[in-house]
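Look at the sequence and structure before reading on.

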Amino acid sequence: MKVSLFGAAGAVTGSCHLVEACGKRILLDCGMIQGSRIEEAKNALPFDFDVKRIDAVVLSHAHIDHCGRLPVLMQYGFHGPIYTQRATADLLPVMLEDAASLAEMDAERRNRFHKDGHSHHKPLFTRHDVGQVVRQLERLDYRRPIELFPGITVTLQDAGHILGSASVRVQAVEDGVTRTLVFSGDLGPRNTPILNDPDPYDAADLVLLESTYGGRLHRDRAATLEEIGQIFETAWKGGGNILIPAFAVGRSQELLYWFAKHFDDWGLGKWRIFMDSPMASKVIEVYDRHEELFDADAKAMFHGRPHPFRLPNLKYTTDVEDSKAINEHKGGCIIIAGSGMCNGGRIRHHLRHNLGSARNHVLFVGYQSAGTLGRLLVDGIDSIKLFGEEIRIKAHRHTIGGLSAHTDQSGLLDWFGAYDRHPRVALVHGEDDARKALALALKTRFDVDAQIPAYGDTLTI
Ligand SMILES: [Zn+2]
């Protein structure tokens, strides 16, 4: 068995690994590259492998950096099955349709600059392409091995990262010998709200391990929650609004879970709470349908009061007029809106209306990558231009560190430490600093020499 890395080697986006065994070729993930415009232009380029020879895709989860290039794979001639966990199959159309409409809008905007009437810019993919992807989906359950091709068995294990997220075990029997590859996918922290902890593994010949936070330890969750409670209290006393930029899948649902859990001690009953994200609302419908994947704590809570997704004072705003109407309230509102890094979406309108007043607070609960508006705000920029308007920032900004959907270095080490014998390990899905830090920690704790492969490298098992 061989595995070649065609993405997320030395970066955190564009996850894509090609497995070859028993005469078959299986792609693990087909993610979108995210970053600067120059980086993102690579998404439209041909793949560095022969797409027509791919027999199947196995998808770890529905984040766009793991699935977002599937429609492009179809454009280049892939017609095989796409295997994934059931909930991921339900989330996928929501994620890809959103990406398609953003791509369509972006192409339209850029074509406006051309006066010759021709459309020079084509969207990366369209909703039509998304339909094709959805038709190829094959739904799998966790922990149920399935023989994809003679000699090749795939098992999905819970990765505890977002709903439906999986680690993928590929077992291949060649010349009478069974070899096992485990691809961690993205791993969630233990005790993540709503989801189960990542499943432990017993054995593998090679582990492809994510390393997003390979060099970091997250802040303690209890301290984080206490901090949020205090900010809410301060904001209420000051008569302001609270804005929370949040990703539509994972973080938005997690926030509502914490809101329900701390409804009384955070004094949430007196606030107006808005989930101002049509996409997050659709994702919540998918979560609602997959209670079987919740952990015991969440199952109990979703049958108690208040129900996290149906808090008495929570309003889902889908149409634009309702969203605009929120800005008539000059205080007493908690507004959760996308995008999570403020580089698009409705949050920008709310920032425009709220950043200028010292009564208001902005809570950053997720990773803000370099170059985004979110990062500028976190870094303390004192004025910005939004929709042509210069705003001097007076609102309070808070960076909340302890709610990540990715586990930290100690969680990665614990997950790896569960293997019977410490297998060979190659680090993917992390910046190089994070990979080096995790490699050092693996050496120190387990005396294992982790590989740090480069783009295009092939590992033979
Ligand atoms: Zn992810």
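**Briefing**

W415 lies in helix 13 (residues 409-417); helices (H or I, at least four residues) and strands (E, at least two) are DSSP runs, numbered from the N terminus. The model is predicted: local features need pLDDT of at least 70, side-chain atom pairs count only at pLDDT 80 or more, and totals for chains, interfaces and linings use all residues. Residues are numbered from 1 along each chain as its sequence is written, and side-chain values use heavy atoms, with hydrogens and water left out.

**W415**
- W415 is buried, at a relative accessible area of 7% (buried means under 20%, exposed over 50%, partly exposed in between; 1.4 Å probe, protein chains only).
- Beyond its neighbours within four places in sequence, W415 is in contact with S167, V182, S184, L187, P198, D199, Y201, V207 and L209 (contact means heavy atoms within 4.5 Å).
- From W415 to A337 is 78 residues in sequence and 33 Å in space, C-alpha to C-alpha.

**S404**
- S404 sits in the loop between strand 19 (396-399) and helix 13.
- S404 is buried, with a relative accessible area of 11%.
- A polar atom of the S404 side chain lies 3.0 Å from the backbone nitrogen of H406.
- Leaving aside neighbours within four places in sequence, S404 is in contact with P189, Y213, H218 and R251.

**Domains and their contact**
- The assignment gives domain 1 (2-216 + 405-460) and domain 2 (221-399); such bounds come from an automatic or database domain assignment.
- The contact takes 23 residues from domain 1 and 22 residues from domain 2.
- The C-alpha centres of the two domains, domain 1 and domain 2, lie 29 Å apart.

**Buried area**
- About 1,900 Å² is buried between domain 1 and domain 2, and carbon and sulfur atoms give 69% of that (buried area is the accessible area, 1.4 Å probe, that two parts lose on being put together, summed over both).
- In domain 1, L163, P193 and I194 lose the most area to domain 2, together 36% of what that side buries.

**Polar links and make-up**
- The rule finds one salt bridge across the interface of domain 1 and domain 2 (a side-chain nitrogen of Lys or Arg within 4 Å of a carboxyl oxygen of Asp or Glu).
- The side chains of R289 and D90 meet in a salt bridge (3.8 Å, N to O).
- Helix 4 (residues 86-111) gives seven residues, the largest share of the side of domain 1 that touches domain 2.

Terms used:
A polar contact is a pair of N or O atoms within 3.5 Å; within protein, one must be able to donate a hydrogen and the other to accept it, and residues adjacent in sequence count only if both atoms are side-chain atoms.
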